[in-house]
Amino acid sequence: MVDEELHFKTVLRRKNAANEELYNLVKTHMIHGPCGFANRSSPCMKDGKCSKYFPKQFQPETIVDQDGFPVYRRRDNGHTVLKNGIQVDNRNVVPYNAKLLTKYQAHINMEWCNQSTSIKYLFKYINKGYDRITAAIVPNDDGTSNQPQNIDEIKQYIDCRYVSPSEASWRIFSFP
């Protein structure tokens with residue numbers, strides 16, 4: 001009986017520590033703004049309003065609106081955090097996935113997607129292929145030579161592929 005109680009307390013302690021870590025990560029990485037009346041000079045402000053539509057309204061449960069977009073649950077539980085000297089509440093929390101946030105400890109905006117146009121947009125970039133360029137190697141002609149130049153067009157033009165930093169890292173670390 002004592003072992004079970006000790007085990008339960010240990011599990012509860014770990015769960016509380018994990019919740020505290022997630023709370024601190026949300027506070028650090030997933031709070032939008034502050035913007036609106038609290039900070040009119042915020043970069044997201046366009047024509048006196050937040051271009052990302054923050055702060056959101058409190059919502060008792062997650063629903064899908066008439067346009068097919070999710071309206072996420074935002075509890076009005078009185079919790080606030082201080083960001084840049086301004087108190088903000090759950091209306092300023094950017095949607096996130098707890099596992100990804102805990103693993104990467106960075107801002108990762110997580111939204112539900114069910115629009116066919118959004119899915120087409122994502123697949124367009126997944127399947128578009130590599131970025132490519134065509135480069136030309138041209139000798140520097142200073143005008144002092146009277147000799148006719150043999151031009152080898154095959155040597156002059158090279159079909160190249162651009163490798164972005166994120167793709168280079170992916171390949172260096174040998175991810176599938």
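Start by selecting Trp-170, Ile-172, Phe-173 and Phe-175 in this predicted model. Together these four make up a nonpolar patch on the surface, with about 500 Å² of accessible area.

Is Ile-172 buried or exposed? Its relative accessible area is 65%, so Ile-172 counts as exposed, the cut-off for that word being over 50%.

Stay with helix α5, which covers residues 165-172, and pick out Glu-167 and Arg-171. Their side chains meet in a salt bridge, with 3.2 Å from N to O. Where do the two partners sit along the helix? They are four residues apart in helix α5, so about one helical turn separates them.

Glu-167 is buried, at 19% relative accessible area, which falls under the 20% cut-off. Arg-171, on the other hand, is partly exposed at 43%.

Next, jump to Asp-89 and Arg-91. Which kind of contact do their side chains make? Here you find a salt bridge, and the N to O distance is 3.1 Å. Asp-89 has a relative accessibility of 17%, so it counts as buried. Arg-91 is partly exposed, with 30% of relative accessible area.

To finish, show both pairs at once. How many salt bridges does the model have by the rule used here? The count is two: one joins Asp-89 to Arg-91, and the other joins Glu-167 to Arg-171.

How values were computed: Residues numbered from 1 in each chain as written. Predicted model: local features only at pLDDT ≥ 70, side-chain atom pairs only at ≥ 80, totals over all residues. Heavy atoms only, no water. Buried < 20%, exposed > 50% of the residue type's maximum accessible area, 1.4 Å probe, protein only. Helix = DSSP H or I, 4+ residues; strand = E, 2+ residues; numbered from the N terminus. Patch = residues over 30% accessible without salt bridge, like charges linked within 9 Å, V, L, I, M, F, W, Y side chains within 5 Å. Areas by Shrake-Rupley, 256 points an atom, 1.4 Å probe, with all protein chains shown as cover.
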